[in-house]
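Take a look at the sequence and the 3D structure below. We will walk through a few parts, step by step.

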Amino acid sequence: MTPVVLIAEELAPAALDVLAHDYDVRHVDGTDRAALLAGVAEADALIVRSATRVDAEVLTAGSGLRVVARAGVGLDNVDVPAATARGVLVVNAPTSNIVSAAEQAIALLLAVARHTATASAALKAGRWQRSRHVGVEVQGKTVGVVGLGRIGVLFAQRMASFGTRLIAYDPYIQPARAAQLGVRLVGLEELLRESDFISIHLPRTPETVGLLGEKELALVKPGVRIVNAARGGLIDEAALAAALTEGRVAGAGLDVFVTEPTTESPLFAFDNVVATPHLGASTAEAQDKAGLSVARSVKLALDGEFVPDAVNVQAGGVVDEDVRPLLALAEKLGKVFTAVAGGVAATVTVEVRGEIVSHDVGVLRLAATKGLFTAVVDERVTYVNAPQLALDRGVEVELVVSDEPAEHHNLVTVRGALPDGRAVRVAGTLTVHGAREIAKLTGVDGFDLDLTAEGVLLFFRYSDRPGIVGAIGTLLGEAGVNIAAMQVARWEAGGEALMTLTVDSSVDAELLSTVAAAIGSERGSAVDLRLNGS
């Protein structure tokens, strides 16, 4: 059945094009609660902007939801914990508006410096008042940047071209990184005392709310101009009004407020305050970027792939392009491990060896964990709920990395111990065939293999002797199961052997048991590595 993507608010046409060919795209007015609840009941994915509230009620109604996407940066209207508890991926577009937001902050800073808004209003009202609107130059001034995240960095880079001296307060960035940007890191108090202009670029958290309050504004350099195009509440608005009244602050540019939307604020009475209605992301380019970003994320999520912009995935974030191909391999190895083990291990170690460990490979533990539980639980296993499933079952999954040379360029191994003490080990690598990278199974429990990790795989351990290949082939053939590939690995003739078969269709437990019994194997194992397999 074609997955249903429900779009609750207007989305850029380019984003719709990304989804239209592969999914059943439906539209609903997200502010119409009854229509939203009815529409989400059949949806696999829900895309919203800021007006649609996605709470526990919506998530309950959307029992088949796999992903909720917010075409924007904030997630105030999405109940992320409730989605996480249900294994629903939550994604946003964290970089879609960074250029627009940085440019808005610069626009506000220049408007405040040159009295642009009041001069424009006066002229349109018939008053030519050049002498009343004398401003200040930005060149040669000290600009304090509070927060050197992605937007803060863009703001600083652009302000550098004005010939300013840049200082910044950010306790989470290293001085060397700031130096690369041409910015000197200082404490907050020093920034307040030295800056001619201050621009805030922080998220709203319990730690940052009221960051610039009465105490902090008492420390500012007289005549400072302050800009906030980040989040409302970072500046105490009453304290700012008092500082403006006293003249300690010469002006302010504000795009965000404690309460939004708002049309009333004491700050609106000041001619030296430029106020805009949260326009940081309000550019055509930012809206297009947000829509395209979440459309691509929805596509990845519905295809079962890792989504870099997922906000409720452990190890979420940017995954190096060299690491990304190993995600599918690690997940497949987790599936094979569980199949060969025949149950859930008490402890599991994901070991990564080779040159790849020069990158952050932590996400491979998450991918392997997802694979471990795919065939174990009835619910859908995702990158979101896989860690919780492991925690609930008392399974510890650790990551070990080594740059020591392996028998392959890069090698991923999943090994662990079962409650009965039995150890299981599976390993794999990627090989290049033309322009395609192929996941290969290289070993199971010490047996060397060279098998493409695709399709349905069957594993049988038995005592090596003549007639086994024929017996298995006959039984599978009688059941209508076609063998696509087969390998036999053994340590010595007549000793223990492992047969691995790739077949074209699923094999049920009864047939698996019949084949195992016929060849004297303790048991057989099957794992479905097809894209939509279990």
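Which residue in E16 is the bridge partner of Thr 413? The partner is Ala 427. Keep in mind that this is a predicted model.

Strand E15 covers residues 410-417. Most of E15 is covered, since six of its eight residues are buried. E15 pairs with strand E16, residues 423-433, in the antiparallel sense. Six bridges join E15 and E16. The two strands form a hairpin, with five residues between them. Look in the turn for Gly 421, which has a positive phi of about 95 degrees.

E15 also pairs with strand E13, residues 347-354. Here there are eight bridges, and the strands again run antiparallel. One place to look is Val 352, which stands opposite Val 412 in E15.

Now move to Gly 443. This residue is found in strand E17, residues 436-444. Is Gly 443 buried or exposed? Gly 443 has a relative accessible area of 5%, so it counts as buried. The cut-off for buried is under 20%. Beyond its neighbours within four places in sequence, Gly 443 is in contact with Arg 425, Val 426, Ala 427 and Leu 449. Ala 427 is also the bridge partner of Thr 413. For a sense of scale, find Leu 192, which is 251 residues from Gly 443 along the chain. Their C-alpha atoms are separated by 61 Å.

Next come the helices. Helix H1 spans residues 13-20, and helix H12 spans residues 284-302. Their axes come within 8 Å and cross at roughly 15 degrees. That angle is under 35 degrees, so H1 is roughly parallel to H12. The crossing is right-handed. H1 contributes Ala 14, Ala 15, Val 18 and Leu 19 to the contact. Among the H12 residues that meet them are Gly 291, Leu 292 and Lys 299. By class, the contact residues of H1 and H12 are seven nonpolar, one polar and two charged.

Finish with helix H5, residues 98-113, and helix H7, residues 150-160. Their axes lie 9 Å apart, and the helices pack at an angle of about 50 degrees. H5 and H7 are therefore oblique to each other. H5 passes H7 in a right-handed crossing. The residues that meet include Ile 98 and Leu 109 in H5, and Leu 154 and Phe 155 in H7. The contact of H5 with H7 has 11 nonpolar, no polar and two charged residues.

Technical notes:
Residues are numbered from 1 along each chain as its sequence is written. This is a predicted model: local features need pLDDT of at least 70, side-chain atom pairs count only at pLDDT 80 or more; totals for chains, interfaces and linings use all residues. Side-chain values use heavy atoms; hydrogens and water are left out. Axes are lines fitted to C-alpha atoms, for helices over the stretch in contact, and angles run from 0 to 180 degrees between N-to-C directions. Helices (H or I, at least four residues) and strands (E, at least two) are DSSP runs, numbered from the N terminus. Angles under 35 degrees count as roughly parallel, over 145 as roughly antiparallel, 65 to 115 as roughly perpendicular and the rest as oblique. A crossing is left-handed if the near helix is turned anticlockwise from the far one by less than a right angle, and right-handed if clockwise. Contact means heavy atoms within 4.5 Å. Ala, Val, Leu, Ile, Met, Phe, Trp, Tyr, Cys and Pro count as nonpolar, Asp, Glu, Lys and Arg as charged, and the others, Gly among them, as polar. Buried means under 20% relative accessible area, exposed over 50%, partly exposed in between (1.4 Å probe, protein chains only). Two strands pair if DSSP finds at least two bridges between them.
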